[in-house]
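Hi,

Here is the structure I promised to pass on.

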Amino acid sequence: MAHQAASATTTYPKPRTCPFSVDPEYAQLRAEQPVVQVQTPGGSTAWLVTRHDLVRQVLSDPRFSSDRRSPGFPRLAENQQSVLQGLPPSLIGMNPPEHTRARRAVLGEFTVRRIDSLRPRIQQIVDDCIDAMLAGPRPVDLVSALALPVPSLVICELLGVPYDDHEFFQTRSSKLVHRSTPFDERLRASRELRSYLDELVSVKERELPDDLLGRQARKQRDAGEADHETLVSTAVLLLLAGHETTANMISLGTLALLENPEHWAAIAADPAKTLPAIEELLRYFSIVEGATSRVALEDVELGGVLVREGEGVMALVSAANHDPEVFERPDELDIDRGARHHVAFGFGPHQCLGQNLARAELQIVFDTLVRRIPDLRPAVPVAEVPVKSEATVFGLYELPVTW
Ligand code: HEM
């Protein structure tokens with residue numbers, strides 16, 4: 001087993017400049033060095049993993065920890081760990097058995113059946129946004145008119161967070177997902193978001209309303225296990241994860257369908273095609289790059305390389321989802337390929353808790369768009385659509401559309 005010295009001078013993950021391609025360099029790394037030591041944008045060294053089987057191995061092996069406060073955890077932004085010091089970890093940063101318990105506590109809120117019961121309300125939110133689009137001037141920015149408000153309204157209602165405060169938490173969360181945000185600003189954004197939710201959780205603990213946070217507070221109280229700080233961490237995570245990610249998939253997915261009119265027409269003609277198309281869009285874009293990192297709790301052999309205890313690992317789902325051993329012609333968007341074994345939602349115990357919700361939102365948005373605005377089209381050439389090249393969740397800043 002080789003223990004490779006840190007040698008690379010380029011940093012990874014690479015900025016994404018084109019909405020429709022992940023860096024071609026990953027293909028070469030995957031073929032030649034699927035586990036390679038690299039520099040991270042935050043100035044640490046970590047192992048970059050690019051092969052589908054090895055990414056799944058990292059994400060399902062309990063010898064790799066999710067504790068973001070650990071010194072070896074790959075840093076995607078400067079001083080990333082300092083922002084987290086002193087805060088209790090949220091679900092995404094826990095390890096078993098703590099993680100198993102905490103995840104089980106909220107799992108019931110995200111089952112297929114539970115999410116299905118939210119569908120009529122999601123449909124109404126989507127219709128309201130589209131009514132407003134149709135009534136307003138053209139072109140319109142699809143990100144601010146639809147992609148951001150839909151998941152944001154849905155997660156606010158689910159959690160019991162007042163949507164009127166959306167500007168407050170959207171500006172904070174956007175600072176947190178941008179690698180280029182200066183440390184001071186990142187720290188301030190993180191503290192402000194936490195203190196906002198800290199206050200809100202205190203209200204839920206007193207009033208125990210019938211929303212996710214109220215139900216969690218009640219459950220904790222009934223079990224005699226009140227844990228305010230952990231509930232605040234859960235609230236921060238769900239609010240952030242609940243709107244940033246899905247919003248980016250709505251805008252990127254819409255752009256991809258508009259640029260491939262045969263796919264748009266296929267969904268319009270047969271709604272049974274929408275869910276398989278969503279799986280393919282999730283695979284194709286693989287928007288989450290930073291979250292699927294880990295740190296080794298002991299020495300682990302990974303793809304013929306020795307990863308030592310304390311070293312960081314970045315399991316790159318975008319590279320895994322373009323592995324030609326698993327997906328034929330991986331750089332082609334093919335909505336009929338049956339892409340369910342993609343890892344865009346991660347893999348193993350931390351696999352995305354909100355994936356059923358994300359799928360339902362995407363399905364309702366795309367089905368409603370093809371039905372209600374069948375002649376929708378981008379109002380600018382793709383090259384002019386501004387992309388979030390430096391964000392830990394890839395997406396579009398704006399998508400001007402017309403019809
Ligand atoms: C975890 C992607 C939407 C809540 C994850 C992970 C990925 C991911 C890759 C795994 C992180 C890891 O391995 O450490 C996505 C994508 C989404 C999406 C691509 C949209 C298309 C959502 C939504 C919610 C959500 C809508 C909440 C309502 C979470 C939570 C975790 C998670 C709580 C942590 C689970 C755990 O650690 O046990 N997501 N997500 N996500 N996601 Fe999502």
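By class, the shell around the ligand holds 18 nonpolar, eight polar and one charged residues. For the classes, Ala, Val, Leu, Ile, Met, Phe, Trp, Tyr, Cys and Pro count as nonpolar, Asp, Glu, Lys and Arg as charged, and the others, Gly among them, as polar.

Before going further, two notes on the source. This is a predicted model, in which local features need pLDDT of at least 70 and side-chain atom pairs count only at pLDDT 80 or more, while totals for chains, interfaces and linings use all residues. Residues are numbered from 1 along each chain as its sequence is written.

Back to the ligand. Of the 27 residues around it, Ala241, Thr245, Gly346, Cys352 and Gly354 come nearest (a residue is near a molecule if its C-beta atom, placed from the backbone, lies within 6 Å of it). Helix 11 (228–259) and helix 15 are the elements that give two or more residues to this shell, and helix 11 has the largest share, with seven residues. Helices here are DSSP runs of H or I with at least four residues, strands are runs of E with at least two, and both are numbered from the N terminus.

Helix 15 also meets helix 13 (residues 274–285): their axes come within 10 Å and cross at roughly 115°. The axes are lines fitted to C-alpha atoms over the stretch in contact, with angles running from 0 to 180 degrees between N-to-C directions. Thr274, Leu275 and Ile278 of helix 13 make the contact with Arg359, Leu362, Gln363, Phe366 and Asp367 of helix 15 (contact is C-beta atoms, placed from the backbone, within 7 Å). Those residues divide into four nonpolar, two polar and two charged.

Next, aspartate 323, which sits in the loop between helix 14 (317–320) and helix 15 (355–372). Is aspartate 323 buried or exposed? Aspartate 323 counts as buried because it has 21 C-beta neighbours inside 10 Å; the cut-offs are 20 or more for buried, 12 or fewer for exposed, and partly exposed in between, with C-beta atoms placed from the backbone. Leaving out residues up to four places away in sequence, aspartate 323 touches Arg30, Arg51, His52 and Pro330.

Lastly, there is an open sheet of three strands, in the order 4-10-9 with antiparallel pairing. Strand 4 (140–141) and strand 9 (377–378) are the edges, each pairing on one side only. Strands pair if DSSP finds at least two bridges between them, and strand 4 and strand 10 (residues 400–402) have two. Valine 140 stands opposite valine 401 in strand 10.

Cheers

Technical notes. Contact = placed C-beta atoms within 7 Å.
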